[in-house]
Amino acid sequence: MISLFFRDLKLSVRAGGGAMIGVLFFMTVVAVVPFGVGPDLNLLSRIGPAMLWIGALLASLLGLDRLFQAEREDGSLDLLLMQETPVILTIFVKCAAHWAATGLPLVIASPLLGLFMNMNELAIGATMLTLLAGTPAITFIGAVGAAVAVALPRGGLLVSILVLPLAIPVLIFGVSAVYAAIEDPAPFLPPFMILMAITLFFAVIGPVAAAAALRHSAD
Amino acid sequence: MSENSLAIRKFSDLANPTRFLALADRVLPWLAAATTLFFVAGLWLSFTTEGDYQQGETVRIMYVHVPAAWLSMMCYTVMAISALGTLVWRHPLADVSAKAAAPIGACFTFLALVTGSLWGKPMWGAWWVWDARLTSVFVLFLMYLGLIALNRAMDDPARSARVSAVLVLVGFVNIPIIKFSVEWWNTLHQPASVMRLGGPTIDSEFLWPLLVMAVAFTLLFFTLHIAAMRNEIWRRRVTSLRRQAVRNAGREAQAL
Amino acid sequence: MRLLAEGLSARRGEDLIFNDISFALGAGEALVVTGPNGSGKSTLLRVLAGLLRAESGRFRIEGGPAEIAHPYELSHYLGHRNAMKRELTVRENLSFWQRFMGDSPGGSGIDVNEAAEAVGLAGITHLPFGYLSAGQQRRMAMAKLLVAYRPIWLLDEPTAALDAGADRLFAGLVTAHLEHGGIVIAATHQPLGLGSTQSLQMKGFTH
């Protein structure tokens, strides 16, 4: 299992891997916002956390369609499904590796973009923390979409369309936790706890559903 | 027929880089020494001159910030010329040069952004403002990163060279925008004070360290660029040796 | 250990691909599945590998290790595609499958270098898999059968893209596997050059 984790990590860092593209997309999306809404620093610092969250959400959807499709194209998926080890565990490990290669860099890059958005230290810290807690959920939800769309040509767009509605709760609680941290009266912990609960919930549901989808989409 | 043309192209591919490697070996030590010399002189000058009466010690950031910003644009210009070389003259070293310059340019741009941000905090009260100069430099940074990603994404160096050369030339539009952004739009960032018509407006006390540092940075760029080109040529040779090894392994097995 | 298939049939969409396939294989026996294109050889192998559900019938194992629920957990499956990553080196590919699959009870896989030597490609395991030619890639995929031990080999057109020399080499590997009490089920157009084998002629199902 550990060998699967490191293999996937290596693949995403090697030439043609998607680890760097995700961060680049994240930066580009967030950098485009000020062109649209204007360079008003107060406005930017107010909408900054939401923009970072939306950018991270879109960026983490980018590479998801390749999660199982790349394995299917070279036949590895067959062997992954045939083993004695439960498929659910295999998918969980693949998700973890995918998150470590694409989600974690987003979390690390977020403070830099927070500076661009003129956010204060507290807001940056809160955004980073919520992204850390929330982005795994997006990966686990995305695994379901990737498994459903694995056999489809041009499944990439479809995965995004399938996954985005499901990821909305993550976005809602992630952003509201950040705003709760910045603005005094609202407490930070309740929305943050719900965010963590969502992540844990999808960490279980995602691999189970993805395993079922992969079993049935075999051809 | 096709095999013949391939062989000739391969031959010219090899002949020129070999001469370049010999040249690089001879030039690099001198360049490196000159770079060190100018850096020592430049840093000594920048730390011994007096601070500005308004900006205090922070003015010293300028000695790194301004040359880095110049270099970020010059590096892109070098890449654009190399891209022309790839597309128009088909020079075998041009794509090596463009590919090797991209990471260096990204580093200089990043340095300019970081030092500018450090300078902006005490001056403007914010790490970052979305003014024309800063934004266009940031876009330049993103373009560098995009080009690096494009180069990495493709297996075949010849094909990726053509594609990224097209992108480099399209992106060159950004360079004049950066250069003149401070004059076209009235922004926070101060207008050019060294390279302008009618002589520099900067006090000679600041001008000298700045010029020395600029020379040092330029030398540093050429040292790094030549070294990176050498590495890229070596990397390609290693790749072709490895492909050769694979073909040989097949032959041995057949002989068995 | 015996493998038993009883009345297997498979369906794709509305069409029956094959119907009522039965066979029994003991240790050291091979089954060669032949038949024209589209007669369902690949489908049969994917059903045996547990990758497709059989419409009816059962495929089971008798006298195998107690903890094994399905025959496919004791099987290697070599399909049309090699299940190797172009970006990783041959060694990384092979040792990944070695560690990920582990050995079935009753045997152990051999070292990555020995496996590469067994398929006649020693000395290039440090190179990316993508550098290899199609035939070399296929041979490395066969080396995968050796690095993790599985008593049952399910082979779908194993010798596609191979020249005559590699064909013989592969027949040698299969024979050695059978001599050690393994079971081989192979779908192929060409004769594998095996000794005593059962054969199953797939005719394709017509209404």
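Residues are numbered from 1 along each chain as its sequence is written, and chains are lettered from A and ligands numbered from 1 in the order in which they are written. In this predicted model, local features need pLDDT of at least 70 and side-chain atom pairs count only at pLDDT 80 or more, while totals for chains, interfaces and linings use all residues.

**Stop 1: chain B**

Select chain B. It holds seven helices and zero strands. Helices (H or I, at least four residues) and strands (E, at least two) are DSSP runs, numbered from the N terminus. Along the sequence the pattern reads α-α-α-α-α-α-α. Of the 256 residues in chain B, 32% are buried. Buried means 20 or more other C-beta atoms within 10 Å of the residue's own, exposed means 12 or fewer, and partly exposed lies in between; C-beta atoms are placed from the backbone. Now look at contacts (C-beta atoms, placed from the backbone, within 7 Å). Among those in chain B between residues at least 6 apart in sequence, 77% join residues at least 24 apart.

**Stop 2: the antiparallel sheet of chain C**

Go to chain C and pick S2, S1 and S4. They form an open sheet of three strands in the order S2-S1-S4, with antiparallel pairing. Two strands pair if DSSP finds at least two bridges between them. S2 (15–26) and S4 (56–62) of chain C each have a single partner strand, so one side of each lacks a neighbour in the sheet. Neighbouring strands are turned by 15 degrees on average, direction ignored. Axes here are lines fitted to C-alpha atoms, for helices over the stretch in contact, and angles run from 0 to 180 degrees between N-to-C directions. Strand S1 (residues 2–12) of chain C meets S4(C) over six bridges. Zoom in on Leu3(C): opposite stands Ile61(C) in S4(C).

**Stop 3: the parallel sheet of chain C**

Next, show the open sheet of five strands, S5-S6-S7-S3-S8, in chain C; its pairing is parallel. S5 (75–78) and S8 (198–201) of chain C are the edge strands. The twist averages 15 degrees from one strand to the next. Select S6 (residues 152–156) and S7 (residues 183–187) of chain C: five bridges join them. Trp153(C) has Val184(C) in S7(C) as its bridge partner. Helix H1 (residues 41–48) of chain C packs on this sheet, touching S3 (30–34), S6 and S7 of chain C. Its direction makes about 150 degrees with that of S7(C).

**Stop 4: helix H4 of chain C**

Finish at residues 134–147 of chain C, helix H4. Eleven of its 14 residues are buried, among them Met140(C), Leu145(C) and Val147(C).

Terms used. Two residues are in contact if their C-beta atoms, placed from the backbone, lie within 7 Å. The expected span of a helix is 1.5 Å times one less than its number of residues.
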